[in-house]
Amino acid sequence: MIYNPVSPILPREESDRQRSCQKGEESFTNSCSEARTSSTKSRQAERSTVFVRKPAAQKQPPGAVSPAKRQIKEVKETKTTINCVTFPLPGEGPEQQLLKPDEWSYCDYFWADKKDPQGATSLPGFEVLLQKQLKGKQMQKEMSEFVHERIKIEEEYAKNLSKLSLSPLAAQEEGTLGEAWTQLKKSLHDEAEVHLKFANKLHTEVEKPLLTFRGDNFKKDLKKYDHHIADLRKQLASRFASVEKARKALADRQKDLDLKTQQLEVKLSNKTEEDIKKARRKSTQAGDDLMRCVDLYNQTQSKWFEEMVTTNMELEKLEVERIEWIQQHLRQYTTLRHETDMFNQSTVEPVDQLLQNVDPSKDRELWVKENKTGDVRPVDMDI
């Protein structure tokens, strides 16, 4: 036997509210406002049916069932409250529809608190989303650091290529092969310039954008979201505590009324009847207080619900923007890399042409002309 003056969230209202929220963020507030108006009217209707007072002229006989007992209904539990938030029990009431079906939206899957596997304090669903944002910020920073290391490698590589291009090794090679060798060494210098330009572009077009995307103000904005939702959650906890206090007060008043009713059945007296009337008034007042507390709790939970949906969708939008931003600049990395390969190829093409023109016979001719010692051959000696 439990007291059930009004359901914290009526299943029909919950379904209506979800369907209205599916129309998008723009119409969300108005739809939920209509749901709250409907909820208020429904609760007022229940208020008129739960506390039924008989006219004063209709006197109850001694031992009659007290109004306090009539306020108690035997109902099946269809809801449960976890960490001050009320949820329907599995399989009870109409099936809830997702606010954004088939989208795996943040606003549909983070209502409950996440249990800590080690038994510590549970983490609110909204905090899970905030941690995702902070983790994304850290990943973005680490990607920038990775590109920075890539730049250092390119710069070091360019430096070494340029240094190697000045090497005197095989500088005395002659002929067409010597020309090809000289061009090959020069191509190292050209390639070094290509890699140095690649490193500079990586810094300005990839590393810096990744590092500066959403600066220090981003974390401040997240804190504002966190404090706002946390404050609403604290208000909800306070309202729930008031409901529990009012529920206990009503139970105590009902027990007192039942006790006085039993005393009346044993011994009828004017004093006992007066005590019953006073106890009945207190019980009715306690019931009214409980209804008022439940109404305030439902209003606060509705406000929390609306802000959760709005803020979760904002965090979802931020995450999409982050991913698309990184995707855009990683594509720029691959574009620059392809350009570098093309430029490197262009530095090698002159070398290829000269290597194709290498002619051992011509090289021999040139060398012989420069280094010949005589073309008169020896003959036999005469006796």
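Why are E319 and R322 separated by about one helical turn in helix 7? They stand three residues apart in that helix, so about one helical turn lies between them. The tour returns to this pair below.

**Before selecting anything**

The model is predicted, with local features needing pLDDT of at least 70 and side-chain atom pairs counting only at pLDDT 80 or more, while totals for chains, interfaces and linings use all residues. Residues are numbered from 1 along each chain as its sequence is written, and side-chain values use heavy atoms, with hydrogens and water left out.

**The whole chain**

Show the protein chain as a cartoon. Eight helices and four strands make up its secondary structure. Here helices (H or I, at least four residues) and strands (E, at least two) are DSSP runs, numbered from the N terminus. Followed from the N terminus, the order of elements is β-α-α-α-β-β-β-α-α-α-α-α.

Next, colour by accessibility. Of the 383 residues of the chain, 34% count as buried. Buried means under 20% relative accessible area, exposed means over 50%, and partly exposed lies in between (1.4 Å probe, protein chains only). The areas come from the Shrake-Rupley method with a 1.4 Å probe, and for residues only the protein chains shown count as cover.

**The nonpolar core**

Select W304, V309 and L315. Within the largest nonpolar core, which has 28 residues, these three touch the most other members. Such a core is a set of buried Ala, Val, Leu, Ile, Met, Phe, Trp, Tyr and Cys residues joined through side-chain atoms within 4.5 Å. Helix 4 (125–165), helix 6 and helix 7 (270–356) each supply at least two of its residues. Helix 7 gives the largest share, twelve residues.

**Salt bridges**

The term stands for a side-chain nitrogen of Lys or Arg within 4 Å of a carboxyl oxygen of Asp or Glu. Both E319 and R322 are buried. Side chains of opposite charge can pair when their charged atoms come close. Over the whole structure, a search finds 16 salt bridges.

Move to helix 8 (residues 360–371) and pick E365 and K369. Because they are four residues apart in this helix, about one helical turn separates them. The closest N and O atoms of their salt bridge are 2.9 Å apart. E365 is partly exposed, with a relative accessible area of 39%, and K369 counts as exposed at 55%.

Now select K100, E103 and E316, which are linked in a network of salt bridges. Within it, the side chains of E103 and K100 meet at 3.5 Å, N to O. E103 is partly exposed, since its relative accessible area is 46%.

**Surface patches**

Which residues form a positive surface patch? Select K141, K219, K220, K223 and K224 to see it. Patches are made of residues with over 30% relative accessible area and no salt bridge; like charges are joined within 9 Å, and nonpolar side chains (Val, Leu, Ile, Met, Phe, Trp, Tyr) within 5 Å. Lys and Arg count as positive and Asp and Glu as negative, while His and the chain ends are not counted. The place of a charge is taken as NZ of Lys, CZ of Arg, CG of Asp or CD of Glu. Helix 6 (residues 217–266) gives the most to this patch, with four residues. K223 is in helix 6 and counts as exposed because its relative accessibility is 54%.

For a nonpolar patch, select L98, W104 and Y109, which make one of about 350 Å². Y109 lies in the loop between strand 4 (85–88) and helix 4, and is partly exposed at 37%. W104 is found in the loop between strand 4 and helix 4, and counts as exposed at 67%.

**Backbone angles**

Keep W104 selected. Its phi is positive, about 50°, although it is not a glycine. Most residues other than glycine have a negative phi. Select N83 next: its phi is near 50°, again a positive value in a residue other than glycine. N83 lies in the loop between strand 3 (79–82) and strand 4, and counts as partly exposed at 40% relative accessibility.

**Last stop**

Select A251 in helix 6. A251 is partly exposed, with a relative accessible area of 30%.
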